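Good morning, colleagues. Please have the sequence and the coordinates on your screens.

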Amino acid sequence: MVALLLCVAAAPAHADPDIAKGETVFKKCMACHAVGPDAKVKVGPPLNGIVGAKWAHFEGYSYSQDIKDGAAAGKVWDEANLNDYIENPKHLAPKGKMAFAGVKNEQERADLIAFLAQFKPDGSKK
């Protein structure tokens, strides 16, 4: 029992997501994505309202078949799916268009998702 408690105590603790740090992480995404009231399609779709949105939700963007198939299956960009996708885009969409290697750091992914979650579909902040 003591050994189990020591293992739990030694496990790394993750801080609560930090929106400001997530904004910094988003700089890795800005070449292809935008957020905010003036967000437009770049290489990828705008990410306004992405947290909780259905896959392939942005009208006017030509999604990969993997993402369209996910949309047809009713998939949603919940925090778990976003976390998985941001860590390794090819895991959820092996033939997807996203040529980004992913964000490997778990805390950075949490911060990024918190940053994205503040944007409503119209680009305003919640």
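Is C32 buried, exposed or partly exposed? C32 is partly exposed, with a relative accessible area of 31%; here, buried means under 20% relative accessible area, exposed over 50%, and partly exposed in between, with a 1.4 Å probe and protein chains only.

A word on the basis of these values. This is a predicted model, in which local features need pLDDT of at least 70 and side-chain atom pairs count only at pLDDT 80 or more, whereas totals for chains, interfaces and linings use all residues. Residues are numbered from 1 along each chain as its sequence is written, and side-chain values use heavy atoms, with hydrogens and water left out.

Let me stay with the cysteines. A search of the whole structure finds zero disulfides, a disulfide being a pair of cysteine sulfur atoms within 2.5 Å. The sulfur of C29 is 8.7 Å from the closest cysteine sulfur, which belongs to C32, and that is too far for a bond. C29 itself is buried, at a relative accessible area of 13%.

I turn to the charged pairs. The whole structure contains two salt bridges, defined as a side-chain nitrogen of Lys or Arg within 4 Å of a carboxyl oxygen of Asp or Glu. One joins E108 and K28, at 3.0 Å from N to O. E108 lies in helix α6 (residues 106-117) and K28 in the loop between α2 (19-26) and α3 (65-72), so this pair ties together parts that are 80 residues apart in sequence.

Because E87 is in helix α4 (residues 79-87) and R109 in helix α6, parts 22 residues apart in sequence are tied together. E87 is partly exposed at 30% relative accessibility, while R109 is buried at 5%.

What, then, of α4 as a whole? Within α4, N81, L82, Y85 and I86 are buried. Seen down the helix axis, these buried residues fall within an arc of 125°, so they line one face of α4; the arc is that of the directions from the axis to the C-beta atoms. E79 and A80 are exposed on the other side. The cover over the buried residues includes α5 (89-92) and α6, where contact means heavy atoms within 4.5 Å.

A nonpolar core is a set of buried Ala, Val, Leu, Ile, Met, Phe, Trp, Tyr and Cys residues joined through side-chain atoms within 4.5 Å. This core has 22 residues, of which F26, V35, W77, L112, F115 and L116 touch the most other members. Leaving aside residues up to four places away in sequence, the contacts of V35 include F26, F115 and L116.

Finally, W55 sits in the loop between α2 and α3 and is buried, at 2% relative accessibility. Again not counting residues up to four places away, its contacts include W77, N81 and L92. The C-alpha atoms of W55 and G74, 19 residues apart along the chain, are separated by 7.6 Å.

Thank you; I welcome your questions.

Technical notes
Helix = DSSP H or I, 4+ residues; strand = E, 2+ residues; numbered from the N terminus.
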